[in-house]
Amino acid sequence: MNKLQIARMSQRNILAAFLCAACCICSTSEAQARDDLLAHGRYVFFAAGCISCHTRDQLMAGGRPVVTPFGTFYPPNSTPQREHGFGSWSEEDFLRALREGVNPQGEHYYPAFPYPSYTRMTHEDMQALYAYLMTLPESSREIRPHHLHWPFSSRSMMSYWKARRFTPGEFSANPQQSAQWNRGAYLANALGHCGECHTPRDYLGASRYERYLAGTCTGPDDKRVPNITPHRETGIGSWSHEQLMTFLSTGTKPDGNFTDSLMAEVLGTSCMRLTAQDLFSLAIYLQSLPAIHNDPVSYTHLTLPTTLNSCCDGGW
């Protein structure tokens, strides 16, 4: 083998080594990007409170009844199982469900699925959530049909409901407010969907935004949902910022008592998983809202209305 052949062989070896190194770097970079996406999705998963409604005895397998004045809803299997879950959905299908409240077949969802809030999620958060959910264990639990009162049992009416009571679109920051305030607003209004339980509803189930977060005596599962506006007598207006942070991170109220089972579950599967910075932002936002006088917790009328008559500022 002459010197020219040796030189050419050396060049080929160097090129091969360079290509191998480049491939390794690309592979490592892709793996890191995937890990980052899943970590992001896991955080969104907890911030969005997915577990509370979709988990009965198997993670995200659905089937847990949610009792409301409109009837009983059964959240679906939200595992990546292809037949009974959403494993056959594309990312586009998933994003459309969150943004527009429709399934891959174009059927409208009831707003018991909080898409009126999730529609405000960023595109990136939706993508990350989809990626994370697709990694969860599969369940073959079949979807149980809702048991709703007429006329709400007719899903076809949802197109008319949405045309008048639903505005899709991503969260838009308020330029007059700080970055922390806007982050808190995003957590409360999009991911955490606080208003879906804490805001009373009208007779057709639309949130009464003039009573935003003022609480209701006919919440999910016939529970009373407290006023969390900063009203000093009937809300959380007497709580300090530190006391609100303590409540969100531990469930302990200023009087030393712990919150009840339903809110304790929400805190344990959502708020307590947030970073200290996000909890700080959420507290800033909640304490900045208009104070509304309403005391659903001590309201004396205990019967869940079988009709959709008002109960304690509009009911659920």
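Reader: Which helix supplies the largest share of the lining of the second largest pocket?

Author: Rolling a probe the size of a water molecule over the atoms shows where empty space is left. In this predicted model, the largest share of the lining of the second largest pocket comes from α6, with three residues. Helices α4 (115-118), α6 (158-165) and α8 (195-198) each supply at least two residues of that lining.

Reader: How many residues line the second largest pocket, and which lie nearest its centre?

Author: The lining of the second largest pocket has 20 residues, and P116, R120, E196, S207 and Y209 lie nearest the centre. The space in this pocket is about 300 Å³. By kind, its lining divides into seven nonpolar, eight polar and five charged residues.

Reader: Where does P116 lie, and is P116 buried or exposed?

Author: P116 lies in helix α4. Its relative accessible area is 11%, so P116 is buried. P116 and E196 are 80 residues apart along the chain, and their C-alpha atoms are separated by 8.5 Å.

Reader: How many cavities of 30 Å³ or more does the structure hold?

Author: The structure holds two of them. The largest cavity has a volume of about 150 Å³. Its lining consists of 13 residues, and F70, F73, P111, L204 and G205 are those nearest its centre. The lining of the largest cavity divides into eleven nonpolar residues, one polar and one charged.

Reader: What helices and strands are there in the chain?

Author: The chain has eleven helices and three strands. Read from the N terminus, the elements run α-α-β-β-α-α-α-β-α-α-α-α-α-α.

Reader: In what order do the strands form the sheet?

Author: Strands of a sheet pair through backbone hydrogen bonds, either parallel or antiparallel. Here the three strands form an open sheet in the order β1-β2-β3, with antiparallel pairing. β1 (66-68) and β3 (147-148) are the edge strands, each pairing on one side only. Strand β2 (residues 71-73) is joined to β3 by two bridges. T72 has H147 in β3 as its bridge partner.

Reader: How many aromatic pairs does a search of the whole structure find?

Author: A pair of aromatic rings is described by the distance of the centres and the angle of the planes. The search finds 15 aromatic pairs in the whole structure. One of them is W181 with Y285, an edge-to-face pair at 5.1 Å centre to centre and with 70° between the planes. W181 belongs to helix α7 (residues 179-191) and Y285 to helix α11 (residues 276-286), so this pair ties together parts that are 104 residues apart in sequence.

Reader: Is W181 buried or exposed, and what about Y285?

Author: W181 is buried at a relative accessible area of 14%. Y285 is buried as well, with 5%. The cut-off for buried is under 20%.

Reader: Which residues form an aromatic cluster, and which residue lies over the face of F46?

Author: Y109, F113, Y115, Y118 and F166 form one aromatic cluster. R273 lies over the face of F46, at 4.2 Å from the ring centre.

Reader: How many residues of α7 are buried?

Author: Ten of the 13 residues of α7 are buried, so this helix is largely enclosed by the rest of the structure. The buried residues of α7 include W181, N182, G184 and A185. In the chain of 316 residues, buried residues make up 45%.

Reader: What is the phi of H193, and where does H193 lie?

Author: Most residues other than glycine have a negative phi, and most peptide bonds are trans. H193 has a positive phi, near 40°. H193 lies in the loop between α7 and α8. With 15% relative accessibility, H193 counts as buried.

Reader: What is the phi of M60, and is M60 buried or exposed?

Author: M60 is not a glycine, yet its phi is positive, about 65°. The loop between α2 (50-54) and β1 holds M60. M60 is buried, with a relative accessible area of 2%.

Reader: Is the peptide bond from W150 to P151 cis or trans?

Author: The peptide bond from W150 to P151 is cis, and its omega is near 10°. P151 lies in the loop between β3 and α6.

Notes. Residues are numbered from 1 along each chain as its sequence is written. This is a predicted model: local features need pLDDT of at least 70, side-chain atom pairs count only at pLDDT 80 or more; totals for chains, interfaces and linings use all residues. Side-chain values use heavy atoms; hydrogens and water are left out. Rings of Phe, Tyr and Trp (its six-membered ring) pair if their centres lie within 6.5 Å; planes under 30 degrees apart count as stacked, over 60 as edge-to-face and the rest as tilted. Helices (H or I, at least four residues) and strands (E, at least two) are DSSP runs, numbered from the N terminus. Buried means under 20% relative accessible area, exposed over 50%, partly exposed in between (1.4 Å probe, protein chains only). A charge sits over a ring if NZ of Lys or CZ of Arg is within 6 Å of the ring centre and within 35 degrees of the ring normal. On a 1 Å grid over the protein atoms alone, a cavity is a set of points where a 1.4 Å probe fits but cannot get out, and a pocket is an open set with protein on both sides within 12 Å along at least five of seven lines; lining residues have an atom within 4 Å of a point. Grid points are joined across faces, edges and corners, and a volume is the space filled by probe spheres set on the points. Ala, Val, Leu, Ile, Met, Phe, Trp, Tyr, Cys and Pro count as nonpolar, Asp, Glu, Lys and Arg as charged, and the others, Gly among them, as polar. Two strands pair if DSSP finds at least two bridges between them.
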